[in-house]
Structures are given as structure tokens and as C-alpha cells.
Amino acid sequence: MVAVAILAAGRGTRMKSNLPKVLHRLGKSSLVERVLDSCQLLNPSRRLVIVGYEAQQVKDSLQKDSFLEFVEQKQQLGTGHAIQQLLPHLEGFQGDLLVLNGDVPLLRPETLENLLKTHQTHQNAATLLTAYLPQPKGYGRVFCDGNNLITQIVEDRDCNAAQKQNNRVNGGIYCFNWSKLAPVLPKLSANNDQQEYYLTDVVKYLVPVMAVDVEDYLEISGINDRKQLAMANGILQNRVKDYWMKQGVTLVDPDSITIDDTVELQPDVIIEPQTHLRGKTIIGQGSRIGPGSLIENSQLGENATVLYSVITDSQVASGCHIGPYTHLRGQAQVGESCRIGNFVEIKKSVIGQNTNVAHLSYLGDATLGDKVNVGAGTITANYDGVNKHPTIIGNGTKTGANSVFVAPVTLGEDVTVAAGSVVTNNVPDKALVIARERQRIIEDWKS
Ligand code: UD1
Ligand code: MG
């Protein structure tokens with residue numbers, strides 16, 4: 001049986017932030033959400049989150065996960081003190097306790113699985129994830145005998161000059177035999193530079209305590225300040241991009257592209273520079289996105305192109321050409337093979353197939369059929385100051401340049417709208433509508 005406890009009570013002073021450190025974001029998820037995700041393979045029987053600084057805010061952010069137990073650490077007197085708070089909650093628990101630092105968000109689930117396996121195979125009292133870091137500054141240093149059994153852990157700030165030379169560090173990830181850990185927790189003292197109760201001091205009282213080196217040391221990157229947050233973001237981005245390149249996606253200038261780990265890309269997608277893909281976005285095979293585009297929570301079909309455009313919460317079917325400078329938002333649904341062009345905004349509208357909205361238009365709350373041609377500068381006046389109203393435009397209709405549809409209004413199929421019309425009444429199929437003043441010429445006119 002395995003219980004998981006996540007240390008998430010600290011303020012994170014070095015972040016210089018009012019937001020609790022573990023709520024800072026890496027891509028779509030907060031640090032603590034990522035830590036929780038990393039133990040998904042272990043099937044823990046209990047998951048406890050130790051909260052303290054801005055406890056309510058941390059709890060609220062994790063509300064959707066109803067199987068979590070929250071343990072309050074009212075004063076943050078160190079990581080050892082935090083684990084002491086578990087004593088009443090885990091009374092009588094027979095099994096292993098996996099302790100995860102809430103600020104170590106890049107662990108792979110397989111790494112934790114291996115750690116637990118090693119811990120159980122060797123029947124250790126404790127097993128710690130360790131690594132040799134090229135730059136170990138800030139991390140606790142781990143000292144072992146020849147058999148990888150830990151003799152001592154010294155925090156960076158408590159190290160003497162010789163100890164600082166050791167670059168084997170504590171990853172902040174621990175497996176404990178709970179029945180062995182529980183009786184030694186009360187023995188911790190705060191006799192160190194920070195006057196804190198260090199969890200790492202329990203190694204003095206437990207045998208055997210084994211170090212397990214992680215294969216990819218980047219996994220144990222801890223976040224204590226904004227610079228480390230930015231570095232972790234870089235590590236995560238490299239992981240995501242390497243993955244998609246292996247799956248047959250071309251990234252032109254990967255350094256200028258960002259891709260959330262929630263995005264899905266199909267083979268032969270090409271992502272051009274300065275393009276950002278976020279949230280639950282899916283891009284279909286052969287599509288070319290960018291340069292200079294942002295796509296968030298949107299799904300694109302195959303062989304579409306998007307150039308210098310922003311698409312959020314929308315769907316674009318196969319074969320569409322979007323941009324340059326298009327903004328699709330709020331459930332815009334664009335059918336197959338449409339051309340949505342220069343300086344066009346479409347909000348909460350359904351567009352049929354082979355329809356063109358090529359220049360300078362706003363369509364809001366509109367439904368357009370197939371093969372509609374929307375002339376340059378066509379606008380739906382969908383808002384009367386209080387409510388939004390629909391505009392419906394049938395198949396094959398052509399709207400003239402600079403026409404305005406004052407919603408609610410319906411145009412039938414194959415309608416032709418004269419340029420400059422302000423259409424306020426419904427128009428039947430196949431009609432020509434001219435809704436503007438006739439041009440007058442007054443000859444020989446002087447002011
Ligand atoms: C800790 C380890 C260090 C290790 C490093 C890895 C200790 C004493 N040191 O140092 O050996 O190399 O992590 O990243 O454990 N927290 C609480 N309550 C507290 C204090 C902290 O819940 O009273 C939480 C924090 O919110 C954070 C985690 O514990 O998520 C670690 O605390 P932090 O202050 O970042 O420890 P480090 O100095 O990084
Ligand atoms: Mg830390």
C-alpha cells in the first residue's frame with residue numbers, strides 16, 4: 001500500500017510573489033498539479049497535500065480532484081515539521097509513504113515507479129531520488145558509503161567549503177517505510193542555519209537509507225525562484241518539442257515556438273516561427289501554422305494554413321486558409337475549404353463550406369451557408385446594447401463591400417447585396433437587395 005504526501009505549505013519566499021509558490025504555472029498546470037500528475041502510475045491508496053501559506057487558495061485550485069486529503073501546517077517550520085503534521089492522519093497506516101516536494105514539477109511517472117520498486121525490493125527504511133548536478137547550488141548534498149547507502153544530507157547553506165564540492169544532490173523525492181519513519185519524526189530538531197525542522201535529518205535515525213540516481217537529472221529541477229521557473233519551462237518545452245519532432249512534425253526554429261503538453265499534432269504538420277499552441281489544441285495532418293500565430297483550445301483539420309492569426313476556442317475544418325491577421329474566437333466554426341482573410345474577426349459563428357470572408361469583416365452570432373462570398377468590410381451589427389442577435393446568410397449569397405447586417409436578420413440563398421447596404425429586414429432567396437440612398441449628382445454646384 002502506498003500513500004503520497006505532497007509538501008505544498010511553503011510561501012516560496014525566493015519567488016518574491018504573493019501567489020503561493022506551488023500555484024505558479026508551468027504551461028497549463030500549476031506546479032502542484034504537475035506533481036500530482038507525476039504519481040499517476042502508482043495508484044496510491046491515499047493522497048495528502050500539506051498546505052499552509054494561503055492554504056485556502058491552494059485547496060481551491062485543487063478542488064476538482066475530490067480524492068485529495070488536505071493537511072494543514074499552520075506555521076511553516078520546515079519540511080520535517082510539515083511531515084510531522086501527517087502523524088495523526090496516518091496513524092496505523094501500514095505501507096510506504098512517497099513524499100514529493102510541491103516545487104519539483106518535472107518528474108516522469110516512470111521515475112517514481114522505479115524509485116518505489118527499488119525501495120520495496122531492498123526493503124529500505126527510506127529511498128531517496130538523487131542526481132549529480134553540474135550546478136548543485138541551492139540543493140541539499142547527499143553523502144553515501146560505497147553501497148549507495150546515505151550517511152548524511154547537508155543543506156547547501158549548512159555546507160562547509162569541502163561539502164559544497166559534492167554535486168550529488170537530494171531531489172526532494174522520498175520513499176519511506178511509514179512504520180519506521182513515524183517514530184523518528186518527533187526527534188527532529190531545528191539546529192541549523194534556517195532554524196527549521198529538516199525532513200532530510202531523518203536519515204540520521206533510519207537504516208538503510210538508499211540513494212537512487214535519476215537517469216535524466218533535469219527531472220529533479222526544483223523551483224525556488226523565477227529564474228528556475230523559466231528554466232523548468234524551457235526543459236518542459238524541449239521535452240514536448242522533441243516528442244513531436246519524433247512523431248513527424250516539423251518545427252521551423254523550435255526556440256521561437258511554444259507548445260503546451262496538452263496539444264496534439266498529427267504527422268506532417270509544419271509549425272513556423274513565433275507560433276504558440278496552447279491548451280486542448282489539435283492540428284490535423286499536413287497543416288501549416290504560422291509564422292506568428294497563437295492557437296488555443298482549438299481544433300484544426302487537415303491541410304489547413306494559418307498565417308499571423310489568433311484562434312481561440314474554435315474549430316477550423318480541413319483545407320481552410322486562415323489569415324493573415326484573422327481572429328477566430330468564442331466557438332467560431334469554419335467549414336471545409338474556406339478562406340478567412342486579412343483583418344477578419346469571427347465570433348460564435350458557424351460558417352459553411354467553401355465560403356470566403358476575405359477582407360476586413362466582423363461576423364458575430366452569425367450562421368453562413370456554403371459558397372457564401374462575404375465582401376470586403378461586411379459587418380454584422382449583432383449587439384443592440386443589451387442583447388446579441390443572430391444573422392443568417394444562406395448558401396451562395398454574395399454580400400457587397402461595406403454592407404452591414406442589423407441583427408436579427410435572415411438572408412436567403414443566392415441573394416446579392418449591393419455594396420454599402422445597411423440591411424435591416426429579411427431578404428428572400430435569389431433577390432437583389434439595395435439598402436442605401438441612390439446617388440444624386442447636382443451639376444454646376446457652388447458653395
Ligand atoms: C529541499 C530539501 C533539499 C533538496 C531540495 C530539492 C529540505 C530541508 N531540503 O530544499 O535537500 O535538495 O528541496 O528541491 O527538505 N514546505 C512545506 N512546509 C514548510 C517548508 C516547506 O510544506 O514548512 C514545502 C514547500 O512548499 C516546497 C517544499 O516543501 O514545496 C520544499 O521546500 P523548499 O523551501 O523549497 O526547500 P528547498 O530549500 O528547495
Ligand atoms: Mg525547493
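Which domains each supply at least three residues to the lining of the second largest pocket?

Modeller: The model is a predicted one. The domains in question are domain 1 (2-220) and domain 2 (248-433), each of which contributes at least three residues to the lining of the second largest pocket. The volume of this pocket is about 650 Å³. Its lining comprises 25 residues, and those closest to the pocket centre are Arg108, Leu236, Arg239, Val240 and Asp261. Two helices, α1 (31-38) and α7 (226-246), each provide at least two lining residues; α7 gives the most, with nine. By class, the lining consists of eleven nonpolar, six polar and eight charged residues.

Ligand 1 is likewise surrounded by 25 residues, the closest being Gln73, Gly78, Thr79, Glu155 and Asn170. In this shell, nine residues are nonpolar, twelve polar and four charged. Oxygen atoms of ligand 1 take part in several polar contacts. A side-chain N or O atom of Asn101 lies 2.9 Å from a ligand oxygen, and a polar side-chain atom of Asp103 is also 2.9 Å from an oxygen atom of ligand 1. At Gly140, a polar backbone atom is 2.9 Å from an oxygen atom of the ligand. Taken alone, ligand 1 exposes 760 Å², of which the protein buries 92%. Two or more shell residues come from each of β1 (2-8), α3 (79-84) and β10 (168-177), and β10 gives the most, with three residues.

Conventions
Residues are numbered from 1 along each chain as its sequence is written. Chains are lettered from A and ligands numbered from 1 in the order in which they are written. This is a predicted model: local features need pLDDT of at least 70, side-chain atom pairs count only at pLDDT 80 or more; totals for chains, interfaces and linings use all residues. Side-chain values use heavy atoms; hydrogens and water are left out. A residue is near a molecule or strand if one of its heavy atoms lies within 4 Å of it. A polar contact is a pair of N or O atoms within 3.5 Å; within protein, one must be able to donate a hydrogen and the other to accept it, and residues adjacent in sequence count only if both atoms are side-chain atoms. Accessible areas come from the Shrake-Rupley method with a 1.4 Å probe; for residues, only the protein chains shown count as cover. Helices (H or I, at least four residues) and strands (E, at least two) are DSSP runs, numbered from the N terminus. Ala, Val, Leu, Ile, Met, Phe, Trp, Tyr, Cys and Pro count as nonpolar, Asp, Glu, Lys and Arg as charged, and the others, Gly among them, as polar. On a 1 Å grid over the protein atoms alone, a cavity is a set of points where a 1.4 Å probe fits but cannot get out, and a pocket is an open set with protein on both sides within 12 Å along at least five of seven lines; lining residues have an atom within 4 Å of a point. Grid points are joined across faces, edges and corners, and a volume is the space filled by probe spheres set on the points. Domain bounds come from an automatic or database domain assignment.
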